[in-house]
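Visitor: I have not looked at this structure before. Please show it to me, and then let me ask about the terms used for it.

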Amino acid sequence: MNNNTFQFNRFYKLIVRNLQRNPKSWIQNVLIFAGLPLVFFLINLSNISAAINLANRVSFLEILTGFTFIFSPFMLFFNYNHPKKGLSEVMLPASVFEKYIVIQLACILIAPLSVILLYGGMDTLLALMFPKIYGGYAVQQFFQSSINWNNISQMFVTQQAILFCNFLFIRRKVLKTAGAFILSLIVFSTIMGIGMTIWDSQTPFTNVENLSFSFGSRNFFEIHVNDHPVVIAMQIVRIFLLVVLPAALMIGSYFIMKTKRY
């Protein structure tokens with residue numbers, strides 16, 4: 001009996017298809033991401049005052065990787081639910097679950113890794129060939145100093161929110177997504193402001209000694225009995241924003257895909 005939910009062969013063919021489609025886009029990405037280090041090298045080679053050092057190259061890699069990771073749903077699947085352009089995706093001989101997993105893999109892994117491989121590969125090659133002009137390795141510094149779990153978790157929930165909005169909205173996606181983000185920020189800020197005001201009226205913050213809002217050394221679920229109520233509330237907010245919310249958005253995106261009718 002065939003499995004209509006997941007079959008590895010169909011899943012593999014779907015991945016291959018997504019990698020092979022739109023070759024012009026891949027060529028453009030290669031020219032942009034692999035071409036930037038070459039431009040930086042030529043700037044350094046010209047001996048002008050605006051030399052591009054290793055820190056600058058790492059910053060460019062961080063920006064490009066973060067931007068591609070966050071906005072990959074728009075970049076790769078903008079027309080997925082289009083009434084006409086999206087029909088080819090709907091008619092593919094694969095289950096919704098298989099398509100959903102491929103979309104998540106493309107956004108979470110393939111898109112940012114492509115930037116790292118193209119940009120980082122060219123950067124490393126130039127650094128090996130011309131160490132005096134183009135010293136250091138941007139990829140090495142990127143993985144040593146730029147990979148931060150808090151940053152990744154924040155970018156992940158933003159990415160999943162954009163993916164959800166991309167499937168939810170059919171027209172004017174970017175404008176509606178921006179509006180949804182602004183509205184959510186206003187609602188969240190209002191709730192937090194009201195909560196802080198109520199707590200401050202009961203136990204003024206100025207009367208609380210050693211009240212620390214530094215969560216760098218704490219994991220999401222680390223809440224102590226002797227913590228101040230504000231600290232406990234902040235931890236609960238962290239759990240909601242970085243654990244519950246992305247999970248809900250992922251489930252919501254899959255639900256929209258599964259129930260979408262053309």
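Guide: What follows is a set of questions and answers on this model, which is a predicted one.

Visitor: What makes up the protein, in helices and strands?

Guide: The protein has 9 helices and 0 strands. Along the sequence this is written α-α-α-α-α-α-α-α-α.

Visitor: How many of the residues are buried?

Guide: Of the 262 residues in the protein, 34% are buried. The word applies under 20% relative accessible area.

Visitor: Why is Gln-159 called buried?

Guide: Gln-159 has a relative accessible area of 0%. The cut-off for buried is under 20%, so Gln-159 is buried. Its place is in helix H7, residues 149-168.

Visitor: What does Gln-159 touch there?

Guide: Leaving out residues up to four places away in sequence, Gln-159 touches Phe-69, Ile-70, Ser-72, Pro-73, Cys-107 and Ile-108. The side chain of Gln-159 also reaches the backbone oxygen of Cys-107 at 3.0 Å.

Visitor: Why does Gln-235 count as buried?

Guide: Gln-235 has 0% relative accessibility. Buried means under 20%, so Gln-235 counts as buried. Gln-235 lies in helix H9, residues 229-259.

Visitor: What makes the link between the side chains of Gln-235 and Arg-238 a polar contact?

Guide: The two side chains are joined at 2.8 Å. A polar contact needs a pair of N or O atoms within 3.5 Å, and the distance of 2.8 Å meets that limit.

Visitor: Why is Met-196 called partly exposed?

Guide: The relative accessible area of Met-196 is 24%. Buried requires under 20% and exposed requires over 50%, with partly exposed in between, so Met-196 is partly exposed. Met-196 belongs to helix H8, residues 173-202.

Visitor: How far apart are Met-196 and Ala-233 in sequence and in space?

Guide: Met-196 and Ala-233 are separated by 37 residues in sequence, and by 9.7 Å in space from C-alpha to C-alpha. For the protein as a whole, take the contacts between residues at least 6 apart in sequence: 73% of them join residues at least 24 apart.

Visitor: How do you know that Arg-172 is exposed?

Guide: Arg-172 has a relative accessible area of 67%. Exposed means over 50%, so Arg-172 is exposed. Arg-172 sits in the loop between H7 and H8.

Visitor: What is the phi of Arg-172?

Guide: Arg-172 has a positive phi of about 50°, although it is not a glycine. Most residues other than glycine have a negative phi.

Visitor: Which residues meet where H5 and H7 pack?

Guide: From H5 there are Ile-103, Gln-104, Cys-107 and Ile-108. They meet Phe-156, Gln-159, Gln-160, Leu-163 and Phe-167 of H7.

Visitor: What makes H3 and H6 roughly perpendicular?

Guide: H3 and H6 pack at about 70°, with their axes 9 Å apart. Angles of 65 to 115 degrees count as roughly perpendicular, so this term applies to H3 and H6. Their contact includes Leu-54, Arg-57, Val-58 and Leu-61 of H3, and Ala-138, Val-139 and Phe-142 of H6. The crossing of H3 and H6 is right-handed.

Visitor: Which residues have the most contacts inside the largest nonpolar core?

Guide: They are Phe-40, Leu-61, Leu-64, Val-115, Tyr-119 and Tyr-134, in a core of 16 residues. Helices H2 (23-45), H3 (54-77), H5 (96-129) and H6 (138-146) each supply at least two residues of this core. H5 gives the most, with 5 residues. A second, separate core has 10 residues, including Phe-77, Tyr-80, Ile-103 and Phe-167.

Visitor: What does Tyr-134 touch?

Guide: Among the residues Tyr-134 touches are Pro-37, Phe-40, Phe-41, Arg-57 and Leu-126, with residues up to four places away in sequence not counted.

Conventions:
Residues numbered from 1 in each chain as written. Predicted model: local features only at pLDDT ≥ 70, side-chain atom pairs only at ≥ 80, totals over all residues. Heavy atoms only, no water. Core = buried A, V, L, I, M, F, W, Y, C linked by side-chain atoms within 4.5 Å. Buried < 20%, exposed > 50% of the residue type's maximum accessible area, 1.4 Å probe, protein only. Helix = DSSP H or I, 4+ residues; strand = E, 2+ residues; numbered from the N terminus. Contact = heavy atoms within 4.5 Å. Polar contact = N/O pair within 3.5 Å; in protein donor to acceptor, adjacent residues only side chain to side chain. Axes fitted to C-alpha atoms, helices over the stretch in contact; angles between N-to-C directions. Parallel < 35°, antiparallel > 145°, perpendicular 65-115°, else oblique. Left-handed = near helix turned anticlockwise from the far one by under 90°.
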